[in-house]
Every structure is written in C-alpha cells, then in structure tokens.
Amino acid sequence: MTTPNCFRKLSLGGLLAVAFAILVIPAFSDDSLHLGVLDYPRFQAEETQVIAFIRSKQLDKAEALLRSMSKRYPKSPTTHYNLACVLSLKGKIDEAFALL
C-alpha cells in the first residue's frame, strides 16, 4: 500500500502542527480569543464550509474564506492553521510558514 500524495505533502505540515501547538497556542490564551455568543455559530458554520471545500479540493474557495475569517477572527489559531494548511497544499510553502 502506497502513501497518498497529499499525505507526503503534509508530513512537513504535521511537524508544523506540533510546533504550532507548542509555541503559538499558549500565546492566544488571553480573553480576546474567546468568541462572543453571537460569533460562535457563524464561526462554526464557516469552519464547516472550509472543511467541505478542502475535502472537495476547492482550495481557492477555502483560501478565500479563510482569509476573510482571519480578518474577522485575527487571534483564532484554528483559522491561521487551516489557512497555512491550504496554502501548503497549493504549493505556497513560504506563505504558509509565515502564518505559523
């Protein structure tokens, strides 16, 4: 059984995820990260849409939505991490690293 090509590309992403979890997430532990009651349903719906775009390989749409989300939720580590993953899948490795 061979490893799918997308997993070969993400092996570096896996290392980035660990580094991100160790180094960046504690920096976002302040109260400004928490979404308001009215923001959470929209955030959750957008995250679900991003995942659907990624699974259906609509990376341009996923990138556009994640960029708008990163402006709306600038301290969301999930949004920045997902955007970095999408950019790495599109071959924009340097830009992906910059987000992490």
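Buried, in this talk, means under 20% relative accessible area. By that cut-off, 29% of the 100 residues in the protein chain are buried. One caution before going on: this is a predicted model.

Start with the fold. The protein chain has 5 helices and 0 strands. Along the sequence that reads α-α-α-α-α.

Next, the surface. The protein chain exposes about 6600 Å². Carbon and sulfur atoms supply 64% of that area.

On to the interior. In soluble globular proteins, nonpolar side chains tend to be buried together. Here, the largest nonpolar core holds 14 residues. Which members touch the most others? Val50, Leu65, Leu66, Met69 and Val86. Three helices each supply at least two residues of this core: H2 (40-55), H3 (59-72) and H4 (77-89). H3 gives the most, with 5 residues.

Look at Met69 in detail. Set aside its neighbours within four places in sequence. Methionine 69 is then in contact with Phe43, Glu46, Glu47, Val50 and Thr79. Val50 is, like Met69, among the core members that touch the most others.

Last, H4. This helix has 13 residues. From first C-alpha to last, H4 reaches 18 Å, close to the 18 Å expected at 1.5 Å a residue. Its buried residues are Pro77, Thr79, His80, Asn82, Leu83, Ala84, Val86, Leu87 and Ser88. Thr79 is also one of the Met69 contacts. After H4 comes glycine 91, with a positive phi near 85 degrees.

Terms used: Residues are numbered from 1 along each chain as its sequence is written. This is a predicted model: local features need pLDDT of at least 70, side-chain atom pairs count only at pLDDT 80 or more; totals for chains, interfaces and linings use all residues. Side-chain values use heavy atoms; hydrogens and water are left out. A nonpolar core is a set of buried Ala, Val, Leu, Ile, Met, Phe, Trp, Tyr and Cys residues joined through side-chain atoms within 4.5 Å. Buried means under 20% relative accessible area, exposed over 50%, partly exposed in between (1.4 Å probe, protein chains only). Helices (H or I, at least four residues) and strands (E, at least two) are DSSP runs, numbered from the N terminus. Contact means heavy atoms within 4.5 Å. Accessible areas come from the Shrake-Rupley method with a 1.4 Å probe; for residues, only the protein chains shown count as cover. The expected span of a helix is 1.5 Å times one less than its number of residues.
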